[in-house]
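Reader: Hi! I'm new to this one, could you walk me through it?
Author: Happy to, let's look together.

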Amino acid sequence: MSVTQAHAPLTRRGIPVERDLRVLALGSFANRFGGGAVMTTSALYFTRQVGFSAAEVALAISVSAIVGILVQVPAGHLGDTRGPRRVLTLCMTGAALTSALPVLARTPWQLALLLSLLAFFERSAGSVQQGVIAQLATGGRGVLFKAYLRAVTNTAIGLGSVFGGAALVIDEPWAYVSVFLINAVFTGFAAWNSTRLPDLPGYVRIEGEPRLAVLRDWPYVVVVALTGFYSLHFFVMELGLALYISERTAAPPVMVAILLVLNTACVALFQVRLSRRADSVEAGSRALLRGAVWIAVGFAVVSLADRGDATFAVVVLVLGSLAHVVGEMIGSGGQWGLQMGLAPHERQGQYQGFAGLGFSVIAVVGPPVVTLLCVEMGEAGWLVLAALMLAVAAVSVPVSRWALASRERYGVLTHSG
């Protein structure tokens, strides 16, 4: 990466300067717009229109989540060796062809099978895309572009949710089915759009080199475990906060939606700006710690919401959520700086696929933990979570230094950290 490129602006008037990054952003927007619409409507479609129980839908989603966990690293490795752009197009095409199939499910096992098939392609595409990003936006630009993509996808999900909300208002089978079909169309557009990216070369594996070298890179494994645990705060604010508001505070239930919109708007406006100082491994670990401080403050403030009337609760929830989203944005940049900076450039797909496992695993175990701490324990549980976030971030600082110092020992010579 040249000095000129490193200091060149990533965007102009909110649009990436480089053509290839514009193409990636457009595809991500289209994909997540459809995903946001389905996210809003799918659970109610399967329970109210098809007749599944909430437990049956949850089980099917859990099965598909496990499939997603299993495919991430192999898919990233395949993208590295076969060419990430070509594999991305293949996976996105598979996702487009399977996006609408879940509407055909009439038994729980059919739903689990069809959601798992979709997860196979979607999670594979997600892993492979990380390799594409790493090759098109190197070094600190990769962190900034991930921040930009997060702002773009949050906006897309929000707009898609509005479209899905219209189907909820209509509340007819055809309206729900149309949401799935629209998702398939937008995913198909994203698949076609990926063909406009350059045909990136695959990595030729050296004889004797392990196929999944990331599994032997113990410092990286530890870093992924820490960043995965750090991601628990997402589920705290998405699930724990909603349950806490409805069961332990006097705030009106509509606050759940208001706080979600507030979070989405802040990320769309400020994510890139708050990720600028996380473009290396050491800077990333410091950003993780700064983010944890903000998140811990947010949790501590939110924990007070059950102490007063509705007005007090609303004020406290807004202040706590604002502190949290600042920490979320700073910490996200830190996570990307660590995960990308420690990985070899030629195997970013494999390494980023593995990095995604941290979030995927916490998505399975996090909900019951969050429910216990935020709802069952109340104020004490929120304070426990605040302490855990600070502890994980504090440990990540020396661990990241150890990981950076041991790159050569684990055969990683082309990292950007």
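Author: We'll go through aromatic rings, a serine and a surface patch.
Author: This is a predicted model, where local features need pLDDT of at least 70, side-chain atom pairs count only at pLDDT 80 or more, and totals for chains, interfaces and linings use all residues. Residues are numbered from 1 along each chain as its sequence is written, and side-chain values use heavy atoms, with hydrogens and water left out.

Reader: Great! How many aromatic pairs are there?
Author: The count comes to 16 aromatic pairs. Rings of Phe, Tyr and Trp (its six-membered ring) pair if their centres lie within 6.5 Å; planes under 30 degrees apart are stacked, over 60 edge-to-face, and the rest tilted. One of them joins Phe33 and Phe163, a tilted pair with 6.4 Å centre to centre and 50° between the planes.

Reader: Where do Phe33 and Phe163 lie?
Author: Phe33 is in helix H2 (residues 19–50) and Phe163 in helix H6 (residues 140–170), so this pair ties together parts that are 130 residues apart in sequence. Helices here are DSSP runs (H or I, at least four residues), numbered from the N terminus.

Reader: Is Phe33 buried or exposed?
Author: Phe33 is buried, at 14% relative accessible area, while Phe163 is partly exposed at 32%. Buried means under 20% relative accessible area, exposed over 50%, and partly exposed in between (1.4 Å probe, protein chains only).

Reader: What about Phe189 and Trp192?
Author: Their ring centres are 5.6 Å apart and the planes are at 45°, so that pair is tilted. Phe189 and Trp192 sit three residues apart in helix H7 (residues 173–194), separated by about one helical turn. Phe189 is partly exposed at 33%, and Trp192 is partly exposed at 49%.

Reader: Which residues form an aromatic cluster?
Author: Tyr45, Phe46, Phe52, Tyr176 and Phe180 form one.

Reader: New topic: what does Ser124 touch?
Author: Leaving out residues up to four places away in sequence, Ser124 touches Val71, Ala75, Cys91 and Ala119; contact means heavy atoms within 4.5 Å. Ser124 belongs to helix H5 (residues 108–136) and counts as buried, at 4% relative accessibility.

Reader: And which residues make the nonpolar surface patch?
Author: Phe229, Leu372, Met377, Val384 and Leu388 make this patch of about 370 Å². Patches use residues with over 30% relative accessible area and no salt bridge, joining like charges within 9 Å and nonpolar side chains (Val, Leu, Ile, Met, Phe, Trp, Tyr) within 5 Å. A salt bridge is a side-chain nitrogen of Lys or Arg within 4 Å of a carboxyl oxygen of Asp or Glu. Accessible areas come from the Shrake-Rupley method with a 1.4 Å probe; for residues, only the protein chains shown count as cover.

Reader: Where is Leu372?
Author: Leu372 is in helix H13 (residues 348–376), and counts as partly exposed at 46% relative accessibility.

Note on methods. Helix = DSSP H or I, 4+ residues; strand = E, 2+ residues; numbered from the N terminus.
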